[in-house]
Amino acid sequence: MKPNRLLFFFGIVSANGSKKFGSIRSLLLIGVILLLSGVGMTYFWYSNQLTVAVSQDAKPVIVKVKSGMTTGDIANMLVERGLIRDKSAFLSEAKKEGLDKSLQAGEYALAKNMNVRQMIEVMAKGVTVYSQITIPEGFTVEQIASLLEEKGLARKDRIVSLAKNYSPFDKVPSRPDVRNRAEGFLFPETYRISRGASEEEILQIMAQEFLRQYTPELQEKARALGLSPYDVIVLASLIEREVQLAKERPMVARVFLNRIKIGMPLQSCATIQYILGYPKEELTIADTQLPSPYNTYLHQGLPPGPVANPGLSSIQAALNPAEGDWLYFVVDGKTGGHRFSRTLAEHEAAIGQIGK
């Protein structure tokens, strides 16, 4: 009797070793093949999810990632909007790239012809949908708020409410009679604003542009003229609302400064229009008697705050007034400009000539 051949393999002992060894080896080989096939299929599926788009449809799909949303929330939203097939690949890729906690809030224009990696990159870099908007020189907070609401970028009531106590400029004095602390400091410019930006962020964007334009050098020049950096903006806002012709801005600045110097009321129509809340072509005597700290017919000196948001040219005019002893100016409807006078008699004569 031949001794049994022992086969030790994964704890298996067999007297008929060669046959069973061959069978086990075949089973193991099949298992390895299946395992490798599974890994390959998984890898192919994963790569396909990352690099192959849902379709070739390039039509933009606007998605809004809200502050506080997790990567899982974002992935679910993309699945619901038909932009990705499965959220697991999105989650895995974001985590692998270390971006799972870096996807930024905002509105994004994605498309079904984008793959997962492209979408993650867009949101990680914060490439949001922008709207271009131009804030005209001399617009008030109310007018800016109306324009933003018209463009669908913000709620008017929210902007106005925030502007009352928003103080971007550290030179703003604490005056209880200032209507809007942000007035004068929302710089008129063309902006590209994310459609997902909050009202607070929009105010901050405009205020930052003001601080960029109103440099420390300009603020120092204000002090050299005997004005505070804040008062220069108040004066510039009056100039902005009073003048249409650029060449007259320094002249109007001089008139106001001359009046301040001798204690004469500024009698600026711009301040009355600010009180009224709308532009009025011709003011009445009753209008000039409206009780308000902004009424420069009743109160000497500058109003408590700006009456508009001036552009750089009006700020420059306030800092560089023309040389002259004018105390009066009146609109000349024929030229679109003004006539300037040194005395009341000259002023009345100019009014008479314009009326002819």
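Me: How many residues does the largest nonpolar core have?

Reply: This is a predicted model, in which local features need pLDDT of at least 70 and side-chain atom pairs count only at pLDDT 80 or more, while totals for chains, interfaces and linings use all residues. Residues are numbered from 1 along each chain as its sequence is written, and side-chain values use heavy atoms, with hydrogens and water left out. A nonpolar core is a set of buried Ala, Val, Leu, Ile, Met, Phe, Trp, Tyr and Cys residues joined through side-chain atoms within 4.5 Å, where buried means under 20% relative accessible area, exposed over 50% and partly exposed in between, with a 1.4 Å probe and protein chains only. In the largest nonpolar core, the residues with the most contacts inside it are Leu148, Ile193, Met206 and Tyr214, and its size is 60 residues.

Me: Which helix gives the largest share of this core?

Reply: Helices (H or I, at least four residues) and strands (E, at least two) are DSSP runs, numbered from the N terminus. The largest share of the core is 8 residues, and these come from the helix that spans residues 229-242, namely H9.

Me: Which residues does the second, separate core include?

Reply: In soluble globular proteins, nonpolar side chains tend to be buried together. Here a second core of 22 residues is separate, and it includes Val61, Tyr108, Val116 and Met119.

Me: Leaving aside its neighbours within four places in sequence, which residues is Ile193 in contact with?

Reply: Contact means heavy atoms within 4.5 Å, and Ile193 is one of the residues with the most contacts inside the largest nonpolar core. Once neighbours within four places in sequence are left aside, the partners of Ile193 are Val129, Tyr130, Ser131, Ile133, Leu148, Leu153, Ile202 and Met206.

Me: Within what arc do the buried residues of H5 fall, seen down its axis?

Reply: In helix H5 (residues 141-150), the buried residues are Val141, Ile144, Ala145, Leu147 and Leu148. They line one face of the helix, because, seen down the axis of H5 and taking the directions from that axis to the C-beta atoms, they fall within an arc of 165 degrees.

Me: What covers the buried residues of H5?

Reply: H5 is followed by Gly152, whose phi is positive, near 75 degrees. As for the cover over the buried residues of H5, it includes strand S3 (130-134), helix H6 (156-165), S4 and H7.

Me: Which exposed residues does the face of H3 turned away from its buried side carry?

Reply: In helix H3 (residues 87-96), Ala89, Phe90, Glu93 and Ala94 are buried. Seen down the axis of H3, these buried residues fall within an arc of 125 degrees, so they line one face of the helix. The face turned away from that buried side carries the exposed residues Lys95 and Lys96.

Me: Which element gives the largest share of the lining of the largest pocket?

Reply: The largest pocket is lined by 31 residues, of which Glu242, Cys269, Val330, Val331 and His338 lie nearest its centre. Two or more lining residues come from each of H9, helix H10 (249-262), helix H11 (269-276), strand S5 (328-332) and helix H13 (344-355). The largest share is 5 residues, and it comes from S5.

Me: Is Asp332 buried or exposed?

Reply: Asp332 has its place in strand S5, and, not counting residues up to four places away in sequence, Asp332 touches Gly337, His338, Arg339 and Ile354. With a relative accessible area of 6%, Asp332 is buried.

Me: Where is Gln267 found?

Reply: Most residues other than glycine have a negative phi. Gln267, by contrast, has a positive phi, near 50 degrees, and Gln267 is partly exposed, with a relative accessible area of 36%. Its place is the loop between H10 and H11.

Methods. On a 1 Å grid over the protein atoms alone, a cavity is a set of points where a 1.4 Å probe fits but cannot get out, and a pocket is an open set with protein on both sides within 12 Å along at least five of seven lines; lining residues have an atom within 4 Å of a point.
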